[in-house]
Amino acid sequence: MILHDIAVAYRNFMHLRHAIMPMGAPSDPSLSILVELFIAVDNRRCLSVGDVALLTGIASTTSLRWIRQLEHQGLVNRQSDPADQRRIFLKLTPDGHALAEQVLRSLAEQFTPLRNAFAAGSGLRRSAR
């Protein structure tokens, strides 16, 4: 089934992310945070620390720990909300945006052949090897 191939592509991507993500941040929480912030940029939205925790499903304390690490690595910046100084918004730095793009392109490369096979009518049948 193509689902098997999707699973293999996903596994391959998860292994590749270790090579792409900087040392100390090759985990799912940091990747999830970067992806949510990348989506927010495209949607022209600002996300608070709490928003990121809710969107990623990561506990607030865990989110804060990973946000600090991403900030230390120069991938994320914190900015005070001009309307409410108690609220902090997160922004990708140029390096953070570039890294998120690299991760997403890698993911797209893993899934493009599968998408093409599915569009060509392979449906959920096993693709030829």
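User: Which exposed residues does the face of helix 4 turned away from its buried side carry?

Analyst: That face of helix 4 carries the exposed residues Thr61 and His72. Exposed means over 50% relative accessible area, buried under 20%, and partly exposed in between (1.4 Å probe, protein chains only). This is a predicted model: local features need pLDDT of at least 70, side-chain atom pairs count only at pLDDT 80 or more, and totals for chains, interfaces and linings use all residues. Residues are numbered from 1 along each chain as its sequence is written, and side-chain values use heavy atoms, leaving out hydrogens and water.

User: Which residues of helix 4 are buried, and why do they lie on the same side?

Analyst: An α-helix has 3.6 residues a turn, so residues three or four places apart point the same way. In helix 4, the buried residues are Ser63, Trp66, Ile67 and Leu70. They lie on the same side of helix 4 because they cover an arc of only 105° around the axis, taken from the directions from the axis to the C-beta atoms. Their cover includes helix 2 (28-42), helix 3 (49-56), strand 2 (76-81) and strand 3 (84-92), a contact being heavy atoms within 4.5 Å.

User: What span should helix 4 have, and which residue just after it takes a positive phi?

Analyst: The expected span is 1.5 Å times one less than the number of residues. For the 13 residues of helix 4 (residues 60-72) this gives 18 Å, which agrees with the 18 Å between its end C-alpha atoms. Just after helix 4, Gly74 has a positive phi of about 80°.

User: How is the sheet arranged?

Analyst: Strands of a sheet pair through backbone hydrogen bonds, either parallel or antiparallel. Here three strands form an open sheet of order 1-3-2 with antiparallel pairing. Strand 1 (47-48) and strand 2 are the edge strands, each pairing on one side only. Two bridges join strand 1 to strand 3 in the antiparallel sense; pairing requires at least two bridges found by DSSP. Leu47 has Leu90 of strand 3 as its bridge partner.

User: Where is Glu36, and which residues does it touch?

Analyst: Glu36 lies in helix 2. Not counting residues up to four places away in sequence, Glu36 touches Leu47, Leu55 and Thr56. Glu36 is buried yet has no salt bridge, and Arg45, the nearest side chain of opposite charge, is 6.7 Å away. A salt bridge needs a side-chain nitrogen of Lys or Arg within 4 Å of a carboxyl oxygen of Asp or Glu; Lys and Arg count as positive, Asp and Glu as negative, and His and the chain ends are not counted.

User: How many helices and strands does the protein have?

Analyst: The protein has five helices and three strands, running α-α-β-α-α-β-β-α from the N terminus. Helices (H or I, at least four residues) and strands (E, at least two) are DSSP runs, numbered from the N terminus.
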